[in-house]
Amino acid sequence: MEQGLPYFEKFVETYPTVSDLANADEKEVLRLWQGLGYYSRARNLHATAKHVSEVFGGIFPNMYKEILKLKGVGPYTAAAIASICFDEPTPVVDGNVFRFASRYFGIKDDIAKQKTRIVFEEVLIKHISKEQPGIFNQAMMEFGSTVCTPSPDCPSCIFNVDCFASIRKIQNQLPSKSKKIKVRERFLNYLVLHDGSNYLMRQRDSNDVWAHLFDFKVIEGKLDREEIFNKARELLTHDFVIEDESQEFQHILSHQRIKAIFYKIKLAPDQIKKVKSDFGEPYSVEEIVNLPKPKLIVNYLEQIGIKS
Ligand code: SF4
């Protein structure tokens with residue numbers, strides 16, 4: 001909440017209506033999102049604003065089934081919107097609800113499996129308040145995050161007399177979860193080409209993390225300085241020297257641990273024009289500030305004195 005609130009306020013101020021967001025330039029939307037991670041959410045929000053604007057005449061759908069069809073909206077978000085905004089009794093199931101409900105009702109199904117959500121929804125639909133489903137859902141999430149936490153406060157819990165897990169003293173065994181997220185380690189070697197006033201930056205494609213954000217030409221792999229130099233020589237047709245090599249930057253994403261080193265290379269203005277197009281386009285420092293960039297790139301730019 002703390003991290004998201006300033007972004008929410010900036011978004012609402014910049015795009016006060018759905019059509020303002022629908023008509024916005026994607027680069028600008030991503031720039032406002034910069035630093036928050038999960039950039040697909042910004043792109044989905046933008047796509048959904050366009051859809052709501054064009055297909056629904058700017059009126060947001062008010063039923064769970066319709067909300068679920070929107071891009072980037074899954075069962076959790078659809079249930080939260082339908083219940084909190086439109087009083088539809090659709091149970092929300094997030095990590096906190098999984099924990100509390102599995103312990104209280106004694107649901108032992110593996111929460112790492114997709115289909116288990118339905119098991120929980122079927123139990124919760126019998127209990128959700130028909131009058132105040134939004135309050136019920138928020139209370140469930142809040143209870144899981146404040147009382148029925150990974151180390152639950154059972155002695156002061158109002159449910160401890162009839163809680164399945166508490167009676168059997170198996171709180172630590174629930175919820176049941178099998179799968180561990182596999183974290184992929186990646187090594188990114190960035191070639192930061194510049195001519196003293198312009199830097200070559202490119203927009204990332206859609207098949208990897210940070211889709212549509214801007215960074216530098218990258219050589220991926222665990223390589224030493226010499227190997228990087230040789231690969232750079234294959235890519236650049238003329239002589240060059242590595243002006244500066246950064247320290248190693250680390251960046252943790254949900255499924256990836258990224259280690260990155262930036263190699264700064266200065267070229268003459270006439271040389272930079274001849275560099276292959278996959279290095280990107282030249283951008284001045286002022287232009288770079290306004291480009292949407294991953295936090296990793298922002299951190300590096302700040303280190304070389306470009307506040308962005
Ligand atoms: S008694 Fe303990 S395990 Fe059961 S719902 Fe309360 S906090 Fe959770």
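A: We begin with a term: helices (H or I, at least four residues) and strands (E, at least two) are DSSP runs, numbered from the N terminus. With these names, the place of Asp 87 can be given as the loop between α6 (75-86) and α7. The model is a predicted one.

Q: What is the phi of Asp 87, and is Asp 87 buried, exposed or partly exposed?
A: Most residues other than glycine have a negative phi. Asp 87, although not a glycine, has a positive phi of about 55 degrees. Asp 87 counts as partly exposed, because 16 C-beta neighbours lie inside 10 Å.

Q: Which loop holds Tyr 38, and what is its phi?
A: Tyr 38 lies in the loop between α3 (26-33) and α4 (39-55). Its phi is positive, about 45 degrees, although Tyr 38 is not a glycine. Tyr 38 has 11 other C-beta atoms within 10 Å and is therefore exposed.

Q: Which residues does the cis peptide bond join?
A: As a general idea, most peptide bonds are trans. Here a cis peptide bond joins Leu 174 and Pro 175, with omega about 0 degrees. Pro 175 is placed in the loop between α10 and β1 (184-194).

Q: How do the axes of α7 and α8 cross?
A: Two packed helices are described by the angle between their axes and the distance between the axes. For α7 and helix α8 (residues 116-125), the axes come within 11 Å and cross at roughly 70 degrees. That makes the two helices, α7 and α8, roughly perpendicular. Their crossing is left-handed. In the contact, Phe 98, Ala 101 and Phe 105 of α7 meet Phe 120, Val 123 and Leu 124 of α8. These residues divide into six nonpolar, no polar and no charged.

Q: How do the axes of α7 and α9 cross?
A: The axes of α7 and helix α9 (residues 133-146) come within 8 Å and cross at roughly 80 degrees. The pair α7 and α9 is therefore roughly perpendicular. From α7, Asn 96, Val 97, Arg 99 and Phe 100 make the contact, and from α9, Met 140, Met 141, Phe 143, Gly 144 and Ser 145. The residues of this contact divide into five nonpolar, three polar and one charged.

Q: Which residues come nearest to the ligand?
A: Of the 15 residues around the ligand, the nearest are Cys 148, Pro 152, Cys 154, Cys 157 and Cys 163. The shell divides into ten nonpolar, three polar and two charged residues. Helices α7 (95-105) and α10 (164-168) each supply at least two residues of the shell, and α7 gives the most, with three residues.

Definitions and conventions:
Residues numbered from 1 in each chain as written. Predicted model: local features only at pLDDT ≥ 70, side-chain atom pairs only at ≥ 80, totals over all residues. Near = placed C-beta within 6 Å. Nonpolar A, V, L, I, M, F, W, Y, C, P; charged D, E, K, R; others polar. Axes fitted to C-alpha atoms, helices over the stretch in contact; angles between N-to-C directions. Parallel < 35°, antiparallel > 145°, perpendicular 65-115°, else oblique. Left-handed = near helix turned anticlockwise from the far one by under 90°. Contact = placed C-beta atoms within 7 Å. Buried ≥ 20, exposed ≤ 12 C-beta atoms within 10 Å, placed from the backbone.
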